[in-house]
Amino acid sequence: MTTTRVATAQLTQTLHAERAGITLSAPDRQGLLGILAQTGATGPDLLRVDGFTLRSGFDAAATPFSWNPRLAKRTLGLAALRACVHGEAKNPLEACEAVVDHAIARASSGAERSGSLGSWLASAQTPVRTMAIAYASAYATELWSALEWSAMAELPTIGARDDTVVHRPAGLLLKGRAEVMIHHGNQRAFSPRLLVLGGTPQPEDLLTLGAAALTAALADRDGHAPSVMVGWHPAAGQAVVLPVDHIVLRRAAAGIARRVATWRSSLSEGPVPVAA
Amino acid sequence: MVLLHETPTPKTCAPWQPLAGAALLDALRGGRSSRPSVEGAFALRVRGELSDRCGELLGTSDVAPLTLDRGTVARGYRLSERGDLSVELLRHIFTSTIFQLQVHAGPSADAIEDAKAVLEADPSRRPLLEYLATLAPAVRRELRDAISSDARHLAERWPSLNPMWLPRTGVSMAVDLDGGRVRLRGTCDLMVGIPNRSSASVCMVSLKTTPLTSFHRDEARYLALVETARCGVPPFRIATYSTATGELHAEYVTEALLKDAMEHTLAAVTAPAGVPAP
C-alpha cells in the first residue's frame with residue numbers, strides 16, 4: 001500500500017489514469033465489517049466516523065453545530081462550481097451569489113428546514129452572507145482552476161451526497177465524502193474520487209482517504225470501491241494519491257477500529273491522573 | 001527587477017495624491033508590454049531547491065519543526081510575535097475584513113458595523129472581540145477613528161474588480177519543506193487572476209494599515225515565493241497597499257526577486273528564535 005504525491009498541475013492526469021478497481025465479495029465485506037465490529041457497541045447511540053472526527057477526535061462531534069461563513073464555504077462553493085462546470089455561470093463569484101440567492105428564496109418559501117444552510121443564510125446579516133460568498137468563491141475558484149474540466153469526456157459528479165453505512169454491532173455511523181467523482185469509460189463503477197483537504201499533506205491523510213474509500217465500498221450495492229482516492233491540499237498545491245485495493249480497505253477498517261477502541265476505553269477509564 | 005514605488009517624489013511640483021480607481025488598477029496590472037517572465041523550469045525547481053537547502057542548513061539535527069510566515073521572514077525572526085492581541089492587530093483585522101467585504105460587495109455606508117458582524121459570526125475571532133471589549137473608551141475611540149479612516153480611503157480609492165478576474169480574498173498557503181521540518185505559511189489578502197495556469201497570471205495584493213516600509217516589500221516577496229513553491233508558477237505581480245497613506249508598492253515577479261526572497265527565507269531558517277538574522 002503506497003501513496004504518492006503529485007502537484008496540482010497533475011491532478012487531472014492522475015484522476016484519469018487507467019486503474020483496475022476492486023469489488024468486494026460477500027466474504028470480503030463480512031471480513032471488513034468484522035474488523036470494525038471488534039470495537040463493540042457501547043450503547044444504542046451511533047458514533048459518527050468521518051474525515052472530520054478522524055482528524056479532530058470523536059469528542060469534536062459532540063459540539064453543537066452552527067453555521068458560519070467558513071463552514072458554509074464547501075457547500076456553497078461546490079454548488080457554485082457545479083454551475084460553472086455545467087456552463088450555468090460565468091465565474092465562481094457570480095455563481096456563489098446565485099446559489100445564496102436561491103437558498104434564501106427556498107428558505108423564505110418554507111422549503112428549508114430549521115438549522116439548514118438556507119435558513120441560516122436567510123437569517124444572517126448581509127455582511128455575513130457576503131463573507132460566506134467570499135470564502136465560497138475562493139474555494140470554488142481554486143477547485144475550478146485545478147482541474148481540466150474540458151478534458152473530461154463525461155461531466156463529473158460534484159458534491160454528491162455522502163456515502164453512509166450504519167454498522168449496529170460496532171455502534172458506528174460511517175460517513176464518506178468526496179468533492180468530485182470522475183467518470184470515464186468502463187470504469188464508471190470504480191469512479192476515482194477527489195477530496196479537498198486542509199493544510200499540508202500529512203501521514204493521517206492515509207486513514208482519511210482509506211476510510212472514505214471503505215465507506216464508499218461498503219455503501220455500494222455491488223461492492224465496487226473507488227479505484228483511487230486523491231486528497232488535494234489546495235493550500236499546499238499538492239495531492240496525496242491512494243490507489244485502492246483490498247489491503248487499503250482492511251487497513252482503513254483496522255485504523256478506524258483502533259481509533260474508536262482507544263476513544264471508548266478513554267471514556268470508560270475516566271480522566272487520566274496526572275503524576276505529581 | 002522593476003520596482004514601482006507610488007510615493008511622493010521631489011521631481012514633481014504638484015502635491016502628491018494617492019492613486020485611486022482606474023489609475024490604481026493600472027498600477028496593479030503594470031504595463032502590458034513590459035511584463036517580464038520567469039523561466040518555467042526555474043519556477044518548478046523552487047520548491048525542491050528550497051527544501052534541499054533547508055535540509056543542508058538544518059543537517060541531521062533533531063530540531064522541532066519550524067513554521068515561518070511573512071512577518072518572521074521579512075524581519076529575520078524565526079518565531080512570530082504576531083498573534084499577540086494588540087490595538088494594531090485589531091485595526092488590521094477590522095480593515096482587512098472591510099476590504100474583503102468591499103471586494104465582493106462594494107463599499108458600505110456602515111463598514112465598521114459590517115466588519116463587526118462578520119467577526120462576531122466567526123467563533124475563532126472571539127478572543128479578539130473580547131480583547132476589544134477590554135479597551136479603555138479613549139483607546140476604542142481612537143481605534144474606531146483609524147478604522148473609519150481606512151474604510152473611507154478604501155471606499156474612495158479602491159477600484160471595483162470584475163468577477164471575471166476571479167478576485168479571492170484571504171487565500172491560505174502552506175508549503176512543507178525538508179520532510180516537514182520547515183513549513184512556510186502565509187495568507188494573501190487578495191489574489192486576482194487565474195490560478196494554477198502554466199504561465200504567470202496572478203496578481204497578489206497585501207493590505208497594510210501602516211505606512212509602507214522595506215519590510216512590507218520583503219513580506220510581499222516572501223508570499224510570491226510561497227505561491228511559486230505551491231503552484232510551480234509564480235504570480236506575475238505583487239503589490240502592497242497602505243490604507244493609512246494610500247501608498248502602493250507594486251513590482252513584477254522576476255527570477256532575481258524570487259532568489260532574493262529565497263535567501264531571506266533561508267536566513268530565517270537558521271536565525272536563532274526571536275533574534276534578528278544578521
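Predicted model: local features only at pLDDT ≥ 70, side-chain atom pairs only at ≥ 80, totals over all residues.
Now display the surroundings of A:Ala83: leaving out residues up to four places away in sequence, it touches A:Glu88, A:Ala89 and A:Ala95.

**The six-stranded sheet of chain A**

Next, colour the strands of chain A. Six of them, in the order S1-S9-S8-S7-S6-S3, form an open sheet with mixed pairing. Its edges are strand S1 (4-7) and strand S3 (157-158), each of which pairs on one side only. Within the sheet, select strand S6 (residues 180-181) and strand S7 (residues 193-196) of chain A; they run antiparallel and are joined by 2 bridges. At A:Val180, look across to S7(A), where the bridge partner is A:Leu194.

H8(A) lies across S7, strand S8 (228-233) and S9 of chain A, and it runs at about 135 degrees to S8(A).

**The three-stranded sheet of chain A**

Turn to the open sheet of 3 strands in chain A, whose order is S2-S5-S4 and whose pairing is mixed. Its edge strands are S2 and strand S4 (163-167), each pairing on one side only. From one strand to the next, the twist averages 20 degrees. Select S4(A) together with S5(A): these strands run antiparallel, with 5 bridges between them. A:Thr164 can be picked out here, standing opposite A:Lys175 in S5(A). H8(A) packs on this sheet as well, touching S4 and S5 of chain A, and its direction makes about 80 degrees with that of S4(A).

**The nonpolar cores**

Which residues of the largest nonpolar core touch the most other members? Select A:Leu172, A:Leu214, A:Leu218, A:Leu249 and A:Ile256, which hold that position among the 38 residues of the core. The elements of chain A that give two or more residues to this core are helix H2 (26-37), strand S2 (47-49), strand S5 (172-176), helix H8 (205-219), strand S9 (238-243) and helix H9 (246-269). H8(A) gives the most, with 8 residues. In soluble globular proteins, nonpolar side chains tend to be buried together.

Centre the view on A:Leu214. Apart from neighbours within four places in sequence, A:Leu214 is in contact with A:Leu32, A:Leu36, A:Leu249, A:Ala252, A:Ala253 and A:Ile256. A second, separate core comprises 36 residues, including B:Ile98, B:Val103, B:Leu135 and B:Leu154.

**Aromatic residues of chain B**

Over all chains, a search of the whole structure finds 4 aromatic pairs. Select one of them, B:Phe99 with B:Trp158: the arrangement is edge-to-face, with 5.1 Å from centre to centre and 80 degrees between the planes. B:Phe99 belongs to helix H4 (residues 87-105) of chain B, and B:Trp158 to the loop between helix H7 (137-157) and strand S3 (168-177) of that chain, so the pair ties together parts that are 59 residues apart in sequence. Are B:Phe99 and B:Trp158 buried or exposed? Both are buried.

Not counting residues up to four places away in sequence, B:Gln102 touches B:Pro107, B:Leu154, B:Ala155 and B:Trp158.

A further ring to display is that of B:Tyr252: B:Arg237 lies over its face, at 4.4 Å from the ring centre.

**Positive phi in two loops of chain B**

Finish with two residues of the backbone. B:Leu166 is in the loop between H7 and S3 of chain B. Although it is not a glycine, B:Leu166 has a positive phi of about 55 degrees. Its relative accessible area is 6%, and B:Leu166 is therefore buried. Then move to B:Asp178, in the loop between S3 and strand S4 (182-192) of chain B. For B:Asp178, phi is near 50 degrees, a positive value in a residue other than glycine.

Notes. Residues numbered from 1 in each chain as written. Chains lettered and ligands numbered in written order. Heavy atoms only, no water. Phe/Tyr/Trp six-rings, centres within 6.5 Å; stacked < 30°, edge-to-face > 60°. Helix = DSSP H or I, 4+ residues; strand = E, 2+ residues; numbered from the N terminus. Buried < 20%, exposed > 50% of the residue type's maximum accessible area, 1.4 Å probe, protein only. Lys NZ or Arg CZ within 6 Å of the ring centre and 35° of its normal. Contact = heavy atoms within 4.5 Å. Core = buried A, V, L, I, M, F, W, Y, C linked by side-chain atoms within 4.5 Å. Pairing = 2+ DSSP bridges. Axes fitted to C-alpha atoms, helices over the stretch in contact; angles between N-to-C directions.
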